[in-house]
Amino acid sequence: MQATDHHVPCLASRRTALKGCALAIASCVTGVPAFAQGNNPARQLDVPYVPTPQNVVDRMLQMARVGKNDLLYDLGCGDGRLVVTAARKYGARGIGIDLDPQRIKEAKANARKAGVSDKTEFTVGDLFATDLSEATVVTLYLLNSVNRKLRPQLWKQLKPGTRVVSHAFDMGDDWPPEKTEVVEGSTIYYWTITEAQKKTA
Ligand SMILES: C[S@@+](CC[C@H](N)C(=O)[O-])C[C@H]1O[C@@H](n2cnc3c(N)ncnc32)[C@H](O)[C@@H]1O
């Protein structure tokens, strides 16, 4: 079944459970109510929190050929697992942005536990208001609709050659992926930013 913004998850088996991660996001687009105080997000989330399974994290980073010279941004970083794994396994620097302060607390704690606090930074913020121009790799686990809204920002701000990897959701017909891979039922999409895209951004 293709992931769309409108399906309901079915968690009957492990394989289905992984597909269910995409579908769980897709089924909750209405998100979480906004409370601009304390530990709560300043506004309604564009995507609910569903973590990427670790084997999919590992493959996403391999597809992007992450290395020690990279600066990886995870937009909507959740508990920081993509950023922390990139730093721990490949020595990359990483920045995680999440609208939910609770996720940022968890991400910082996970970075401390993994001994990569010096290579990582986690900030409460809106991915649409984040300057991405320094990134060499961008990772996403959002929604089809959110990816499409983000695409002009990626084309405008990212340097040519920057790698973009998305778990479960593509960028629509206007930006077909260069590579896709399926890991235990989860599709991973891969793109690189080109000069031509920058001219049209
Ligand atoms: C599906 S989770 C992905 C978490 C992590 N990237 C992963 O793959 O495990 C999406 C995350 O996006 C965050 N989020 C939703 N809307 C956001 C926004 N506008 N700006 C920043 N983060 C947002 C949510 O709080 C949630 O943690």
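In strand β2, G94 is the bridge partner of L72. The strands β1 (residues 71–75) and β2 (residues 93–98) pair in the parallel sense over 5 bridges; strands are DSSP runs of E of at least two residues, helices are runs of H or I of at least four, and both are numbered from the N terminus. Two strands pair if DSSP finds at least two bridges between them.

This is a predicted model: local features need pLDDT of at least 70, side-chain atom pairs count only at pLDDT 80 or more, and totals for chains, interfaces and linings use all residues. Residues are numbered from 1 along each chain as its sequence is written.

The open sheet has 7 strands with mixed pairing, in the order β3-β2-β1-β4-β5-β7-β6. Strands β3 (120–124) and β6 stand at the edges with a single partner strand each, so one side of each has no neighbour in the sheet.

Helix α2 (residues 54–63) has the buried residues V56, V57, R59, M60 and L61. Buried means that 20 or more other C-beta atoms, placed from the backbone, lie within 10 Å of the residue's own. The elements below are among those that cover these residues, with contact meaning C-beta atoms, placed from the backbone, within 7 Å.

| Covering element | Residues |
|---|---|
| α3 | 81–90 |
| β4 | 137–140 |
| β5 | 163–167 |
| β6 | 179–183 |
| β7 | 186–192 |

Just after α2, R65 takes a positive phi of about 50°.

The ligand is surrounded by 24 residues, the closest being D46, T52, G76, G78 and Y141; a residue counts if its C-beta atom, placed from the backbone, lies within 6 Å. Elements giving two or more residues to this shell are α3 and β2.

Technical notes:
A residue is buried if 20 or more other C-beta atoms lie within 10 Å of its own, exposed if 12 or fewer, and partly exposed in between; C-beta atoms are placed from the backbone. Two residues are in contact if their C-beta atoms, placed from the backbone, lie within 7 Å.
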